[in-house]
Amino acid sequence: MSAHEDVTTVDVVGGPEPVAVELHEYDERWPDVYAEHRQRISRALAGTDVDVEHIGSTSVPGLAAKPIIDIVVEVDDITAEQGYLDPLLAAGYELRVREPGHRLVRTPARDVHVHVYERGDAAVQEYLLLRDHLRRDAADRALYADTKRALLRRHWDDMNDYADAKTAVILAINERARATGDAGGV
């Protein structure tokens with residue numbers, strides 16, 4: 001439990017943004033970009049107990065993806081922003097979203113998104129479940145890529161709407177992952 005109350009509203013800094021990216025075939029450089037940002041985050045949060053993981057499509061070898069590296073950082077207290085948000089902003093990331101239980105900072109180029117959650121948040125476990133299952137299951141990896149391709153053929157006024165449109169297929173894939181025992185330690 002947090003020592004302080006969390007925010008109760010969703011603040012999207014800069015407002016809605018149209019989806020202006022396309023899917024790219026898997027790029028072998030994506031793990032290196034993640035590693036660079038993992039180091040940057042670790043330096044910024046030195047002395048803070050955090051867990052950092054590469055999530056999203058760029059973390060799955062062979063999966064087509066928008067060329068945006070998604071990273072999740074788990075902190076002990078999401079409300080203690082001075083301990084993680086201020087250092088991430090000082091390291092050059094920009095605040096995009098502040099909502100209950102979640103903060104999102106990104107690079108000015110918008111090619112790296114850092115999602116911050118409180119340790120133990122179920123959302124982190126869902127991200128890791130999806131990532132790990134897609135790394136192992138070629139059929140679900142293809143289904144997810146096909147779904148993203150179909151969705152990106154449509155016009156989206158906001159990137160968040162595109163992300164929401166993927167929810168049903170993500171939930172179905174995660175259910176299969178649980179049913180096949182891919183949940184592992186998640």
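Here is a walk through this protein chain, from its overall shape down to a strand and a pair of helices.

Keep in mind that this is a predicted model, where local features need pLDDT of at least 70, side-chain atom pairs count only at pLDDT 80 or more, and totals for chains, interfaces and linings use all residues. Residues are numbered from 1 along each chain as its sequence is written, and side-chain values use heavy atoms, leaving out hydrogens and water.

Let's start with the whole thing. The protein chain has 6 helices and 6 strands; these are DSSP runs numbered from the N terminus, with at least four residues (H or I) for a helix and at least two (E) for a strand. The C-alpha atoms fill a box of roughly 40 × 35 × 35 Å along the principal axes. Of the 186 residues, 44% count as buried, meaning under 20% relative accessible area with a 1.4 Å probe, protein chains only.

Now zoom in on strand 3, residues 69–75. Is it buried or exposed? Here 7 of the 7 residues are buried, so the strand is largely enclosed by the rest of the structure. In a regular strand, side chains alternate between the two faces of the sheet.

Strand 2 (residues 51–55) runs antiparallel to strand 3 and is joined to it by 5 bridges; for instance, Val-52 has Val-73 as its bridge partner. Strand 6 (residues 112–118) runs parallel to strand 3, with 7 bridges joining them, and Ile-71 stands opposite Val-114 there.

Finally, look at helix 4 (residues 138–152) and helix 6 (residues 167–179). They pack at an angle of about 175 degrees, with axes 11 Å apart. That makes helix 4 roughly antiparallel to helix 6, a label for angles over 145 degrees. The axes are lines fitted to C-alpha atoms over the stretch in contact, and angles run from 0 to 180 degrees between N-to-C directions.

Which residues of the two helices meet? Asp-140, Leu-143, Tyr-144 and Thr-147 in helix 4 touch Val-169, Ile-170, Ile-173 and Arg-176 in helix 6, where contact means heavy atoms within 4.5 Å. By class, that's 5 nonpolar, 1 polar and 2 charged residues.

Note on methods
Parallel < 35°, antiparallel > 145°, perpendicular 65-115°, else oblique. Nonpolar A, V, L, I, M, F, W, Y, C, P; charged D, E, K, R; others polar. Buried < 20%, exposed > 50% of the residue type's maximum accessible area, 1.4 Å probe, protein only. Pairing = 2+ DSSP bridges.
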